[in-house]
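Please read the points below with the sequence and the model open side by side.

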Amino acid sequence: MSAPTFQFDSGPQHRLAARLGIWIFLGTELMFFGPLLAGYYFVRFTDLAGLTLAARHTDLLLGTINTAVLMTSSLCMALAVAEAEAGNPRGAVRLLWAVVALGATFLVIKIGRAHV
């Protein structure tokens, strides 16, 4: 199997594209999470009693489990990419099925909590 053609003309061009990609990624994260954090602080300073009342409905155990499920899912996805790059499609597919199962687990926990 031959190696794929290189996408960039030179190393500096590759580094420039990687740096630009990281800045675009950071910008989109800022645009997504910035308003969420601003909204949280707005509610916190304007309606602390309401925020405290809403916090009573937070299930710490389910939140912790869902966080662990999402982090494990991300790890499985990264490992699947590594397996595919290493030329092990069978391992990659197994890990992708794990990602699907963990995603379904996340949804089941969310749906189950919504009906309580």
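**Notes on the fold and its core**

1. Followed along the sequence, the protein chain shows the pattern α-α-α-α, and its secondary structure amounts to four helices and zero strands. Here helices (H or I, at least four residues) and strands (E, at least two) are DSSP runs, numbered from the N terminus.

2. A word on the basis: this is a predicted model, in which local features need pLDDT of at least 70 and side-chain atom pairs count only at pLDDT 80 or more, while totals for chains, interfaces and linings use all residues. Residues are numbered from 1 along each chain as its sequence is written, and side-chain values use heavy atoms, with hydrogens and water left out.

3. On overall shape, the protein chain has a radius of gyration of 21 Å, whereas a compact globule of 116 residues would have one near 13 Å; the radius is taken over C-alpha atoms, and the globule rule is 2.2 Å times the number of residues to the power 0.38. The C-alpha trace spans about 65 × 35 × 15 Å along its principal axes.

4. Of the 116 residues in the protein chain, 10% are buried, where buried means under 20% relative accessible area, exposed over 50%, and partly exposed in between (1.4 Å probe, protein chains only).

5. The largest nonpolar core consists of seven residues, namely Val69, Cys76, Ala80, Leu95, Val99, Leu102 and Phe106. Helix H3 and helix H4 (89-114) each supply at least two residues of this core, and the largest share, four residues, comes from H4. Such a core is a set of buried Ala, Val, Leu, Ile, Met, Phe, Trp, Tyr and Cys residues joined through side-chain atoms within 4.5 Å.

6. Apart from neighbours within four places in sequence, Ser73 is in contact (heavy atoms within 4.5 Å) with Val99 and Leu102.

7. Thr72 also lies in helix H3, but Thr72 counts as partly exposed, because its relative accessibility is 36%. The C-alpha atoms of Thr72 and Trp97, which are 25 residues apart along the chain, are separated by 13 Å.

8. Leu102 deserves a look of its own: if residues up to four places away in sequence are not counted, Leu102 touches Val69, Thr72, Ser73 and Cys76.
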